[in-house]
Amino acid sequence: AAGTGAFPHAHSRSAALHERARAVMPGGNTRHSVFFPPYPVYATHGRGSRIWDADGVERIDCMNNYSSLIHGHGHPAIVEAIQQQATRLTSVALPTESEIELAELLVERLDAIEQIRFCNSGTEAMLFAIKAARAYSGRPVIAKVEGAYHGSAETAAVSSQPGPSRWGPADSPASVPDAGSTPGVAADVVVLPMNDVDNGRRILRGVGSRLAAVVLDPLVKNLGFKPVTQEFLQMVREELQACGGLLVFDEVYSLRLGFHGAHATLGVQPDIIAMGKIIGGGLPIGAIGGRADIMTALFDPHAGARLGHAGTFNANPLTMAAGLAAMRAFDLGAFERLSALGDRLRKGLREALRIADVEGTVTGATSMTGFFLSGKSMSNYREIAALMGADPTIARRAEHVFHHLLNHGVYMGSYGFFVLSTAITEAEVDYIAETTLAALRTLPT
Ligand code: PLP
């Protein structure tokens with residue numbers, strides 16, 4: 001069974017490690033996203049669905065490194081592939097057969113891609129997807145949805161977390177540069193209100209022939225796993241058809257939505273998709289894929305490619321070996337079984353809300369589940385921000401649930417989500433729902 005551990009706990013080894021880390025890393029960290037107050041627990045090892053912290057506490061891992069660990073920790077076939085590859089070759093300034101193998105598997109599996117290029121993170125994949133769209137079209141402007149996270153590349157990060165003082169009118173959101181970016185970066189980005197067909201159409205028409213691409217994540221995690229509607233997608237496709245821009249899907253996270261890619265579940269063919277996370281088997285990876293004519297024009301030296309794409313660690317054999325082993329083990333049966341476990345968790349969480357008589361919303365699909373402690377239906381980033389601002393009990397209650405789960409053997413996303421791996425069992429899923437029920441029964445007012 002998953003362990004229990006008092007948190008926060010002044011004498012814990014994690015607390016001491018965090019103090020030590022703060023001397024040499026700002027905030028004691030290199031990823032703001034893995035910090036939670038007063039200090040994050042420090043991991044020592046993992047196996048299957050479980051992780052252990054520096055105080056020896058065992059937990060079910062419902063983060064799976066922000067979704068990248070599709071098979072959890074230490075999957076035997078992935079470990080063996082890494083071990084074998086590590087003794088042969090880890091990185092080299094030459095191509096290897098291993099990248100062809102992973103490319104072939106992904107091209108065969110994912111509907112929208114005929115060719116692929118590898119890089120090292122989802123951030124880089126989005127950076128290259130945006131550069132590719134601009135280079136191919138010869139146009140400057142990128143459109144994205146307000147509040148959608150697409151990694152840290154400057155253009156992609158515009159308006160990913162705008163505040164009310166700068167975000168402009170709801171029907172024409174301002175392009176807000178990320179901290180450290182210039183207004184010049186934001187000037188080449190237009191921001192669409194999520195799933196707002198009429199205003200989206202008007203904004204895209206305003207850009208017209210300057211539009212290089214619309215960038216969309218089919219399931220927006222930081223809007224509580226909100227899906228892009230068919231109507232919105234249809235509108236985007238129509239407008240792109242009319243003006244000649246490209247459709248870029250950011251499937252870095254939402255690749256988990258469909259065995260043949262998120263796009264395959266939506267019946268829409270994007271021109272380019274950005275990928276990452278699960279395709280690297282737990283090692284750092286990113287990739288961009290798309291139609292062969294686009295990929296060839298941009299990247300093929302035989303065809304006079306226009307877009308440089310170097311990268312010391314691109315397609316390094318170690319990541320390729322891990323990714324190949326992970327993707328081979330993630331067959332259709334594994335995908336369907338994992339999706340059923342996700343359904344079971346969502347059902348269990350809804351049941352927990354009902355029994356505890358607590359207002360809340362359970363969202364998500366397949367292995368990704370959002371858990372939000374308000375029953376109000378919210379359609380976009382502003383409505384979520386306004387509600388969180390107006391009702392501080394939502395954040396307090398969410399923090400209580402997070403800490404209760406942390407102290408009872410479950411590590412969920414502190415922003416209110418669960419991402420499962422194939423290593424999880426039905427009994428563990430039921431335990432997560434039961435533990436959530438116990439947390440809901442002791443909610444602060
Ligand atoms: N795009 C989306 C939708 C993501 O969720 C993420 C990461 O969470 C990224 C891009 C960036 O990927 P990475 O963290 O590998 O740079």
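Two points on conventions first. Residue numbers start from 1 along each chain as its sequence is written. Because the model is predicted, local features need pLDDT of at least 70 and side-chain atom pairs count only at pLDDT 80 or more, while totals for chains, interfaces and linings use all residues.

I begin with the overall fold. The protein chain has 14 helices and 16 strands; these are DSSP runs, H or I of at least four residues for helices and E of at least two for strands, numbered from the N terminus. Along the principal axes, the C-alpha atoms fill a box of roughly 60 × 55 × 45 Å. The radius of gyration of the protein chain is 22 Å, which agrees with the value near 22 Å for a compact globule of 445 residues. That radius is taken over C-alpha atoms, and the globule rule is 2.2 Å times the number of residues to the power 0.38.

Of the 445 residues, 50% count as buried. Buried here means 20 or more other C-beta atoms within 10 Å of the residue's own; exposed means 12 or fewer, partly exposed is in between, and C-beta atoms are placed from the backbone. On contacts, 71% of those with a separation of 6 or more are between residues 24 or more positions apart. Two residues are in contact if their C-beta atoms, placed from the backbone, lie within 7 Å.

Next, the ligand. How many residues surround the ligand? There are 14, and the closest are Ser121, Gly122, Thr123, Gly151 and Val252. To count, a residue needs its C-beta atom, placed from the backbone, within 6 Å of the molecule. Helix α4, residues 122-137, gives the most to this shell, with three residues. By class, the shell has five nonpolar, six polar and three charged residues. For the classes, Ala, Val, Leu, Ile, Met, Phe, Trp, Tyr, Cys and Pro are nonpolar, Asp, Glu, Lys and Arg are charged, and the others, Gly among them, are polar.

Staying with helix α4, Ile130 is in this helix. Ile130 is buried, with 27 other C-beta atoms within 10 Å. Leaving out residues up to four places away in sequence, Ile130 touches Ile142, Thr155, Ala156 and Val215. Val185 is 55 residues from Ile130 along the chain, and their C-alpha atoms are separated by 13 Å.

Ile285 is in the loop between β11 (272-276) and β12 (286-290), whereas Gly286 lies in strand β12. Is Ile285 buried or exposed? Ile285 counts as buried because it has 31 C-beta neighbours inside 10 Å. Gly286 is also buried, with 27 such neighbours inside 10 Å. Beyond four places in sequence, the contacts of Ile285 include Phe118, Asn120, Thr319 and Gly323. With the same exclusion, Gly286 is in contact with Cys119, Asn120, Ser121, Gly122, Glu124, Ala125, Met275 and Gly276. Ser121 and Gly122, from that list, are also among the closest residues to the ligand. Ile285 and Gly122 are 163 residues apart in sequence, with 7.0 Å from C-alpha to C-alpha.

The axes of α3 (residues 97-109) and α10 (residues 317-329) come within 9 Å and cross at roughly 35°. Axes are lines fitted to C-alpha atoms, for helices over the stretch in contact, with angles from 0 to 180 degrees between N-to-C directions. The contact involves Ser98, Glu99, Glu101, Leu102 and Leu105 of α3, and Pro317, Met320, Ala321, Gly323, Leu324 and Met327 of α10. By class, that contact has seven nonpolar, two polar and two charged residues.

Finally, some backbone details. Pro37 and Pro38 are joined by a cis peptide bond, with omega about 0°. Pro38 is in the loop between α1 (13-24) and β1 (43-47). Tyr66 is not a glycine, and its phi is positive, near 50°. Tyr66 sits in the loop between β3 (58-61) and α2 (76-88), and it counts as partly exposed, with 18 C-beta neighbours inside 10 Å. Phe225 also has a positive phi, about 55°. Phe225 is in the loop between β8 (219-220) and β9 (226-227), and counts as buried because it has 22 C-beta neighbours inside 10 Å.
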